[in-house]
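Here are a few friendly notes to read alongside the structure. They begin with the chain as a whole and then turn to the space inside.

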Amino acid sequence: MTVVDRGLVETFERDGVVVLRDAFDDGWVAELGAAVDRVLASPGPLSKDYAKEGKGKFFTDHQMRLRDEGFRRFLADSPAVPVAASLRRASRLNLIDEHLLVKEPGTENPTFWHQDFPYFEVAGDQFASYWIPLDPVTRESGRMRFVKGSHRWGKIYQPIRIGLGEEVAEAEKFDGPAPDIDAAARDYEILEFDLEPGDCLFFHGLMLHAAHPNRTANVRRRAHSLRFAGDDATFKSRPYIPSQAATRELVDGDPLDSEQYPLVWPA
């Protein structure tokens, strides 16, 4: 299990992202990999494929634990939840989302620059995401990219369709479109990390991030994302929530504890 020391927490709070090496052992990687392939064979109602016809596959899905025991066990028994609580200095965590992101070899779609926060029914600062790869990740196979410190800009950008780059018309406008990071790359410090299965990334919900296409001929890029909200989080309704049907039982300002957003820490 990853030891979360003061230096790791301070790096997360300063940069907005940390890489955790060997966070999950081979058993967890194998169990998640098998669960991912079961979901690919039987997609859920919220699944999408962003890839151009005949150009690979960029598959996404949500709420896998409701259909697959492997995802349920990972959430309940792996180190993911206690490590997240330590990194966020949180006494409590609610699960906000499970997100599967698979880029098969030959997928030309990048993941376009966006933040996670505006896609979810959450207010508060203690919102963060894991990105847990199940295959080796390099630039060629689709590694993640982050604008260092962008979680401290005080901006929330309009959601896009992450695999297409299109603005979501029905979403809130917030502070308008995200800046064109690639057009002015010298103005930003962009962080990228090669990863091995068992490694993962943990990043703030307001971090601007993107990912490369998978231009390899034979390397898959399967990744599991978990998103949590901590002590200061409350419910905030939004018009565009791609991860689940609209929440009916909560109103703005309510605590998140609910069937949709279960309390997972303390366990």
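1. Take the contacts in the protein chain between residues at least 6 apart in sequence: 81% of them join residues at least 24 apart. Please keep in mind that this is a predicted model.

2. Next, the secondary structure: the protein chain has 16 strands and four helices. Its radius of gyration is 17 Å, close to the 18 Å that the globule rule gives for 267 residues, so the chain is as compact as a globular protein of that length. Along the principal axes, the C-alpha atoms fill a box of roughly 45 × 40 × 40 Å.

3. How much of the chain is buried? Of its 267 residues, 54% count as buried. The accessible surface comes to about 11,400 Å², and carbon and sulfur atoms account for 49% of that.

4. Now look inside. Counting cavities of 30 Å³ or more gives one, and the largest cavity holds about 280 Å³ of space. It is lined by 25 residues, of which His-99, Leu-101, His-114, Ile-162 and Arg-227 are the closest to its centre.

5. Strand 14 gives the most, with three residues.

Definitions and conventions: Residues are numbered from 1 along each chain as its sequence is written. This is a predicted model: local features need pLDDT of at least 70, side-chain atom pairs count only at pLDDT 80 or more; totals for chains, interfaces and linings use all residues. Side-chain values use heavy atoms; hydrogens and water are left out. On a 1 Å grid over the protein atoms alone, a cavity is a set of points where a 1.4 Å probe fits but cannot get out, and a pocket is an open set with protein on both sides within 12 Å along at least five of seven lines; lining residues have an atom within 4 Å of a point. Grid points are joined across faces, edges and corners, and a volume is the space filled by probe spheres set on the points. Helices (H or I, at least four residues) and strands (E, at least two) are DSSP runs, numbered from the N terminus. The radius of gyration is taken over C-alpha atoms; the globule rule is 2.2 Å times the number of residues to the power 0.38. Buried means under 20% relative accessible area, exposed over 50%, partly exposed in between (1.4 Å probe, protein chains only). Contact means heavy atoms within 4.5 Å. Accessible areas come from the Shrake-Rupley method with a 1.4 Å probe; for residues, only the protein chains shown count as cover.
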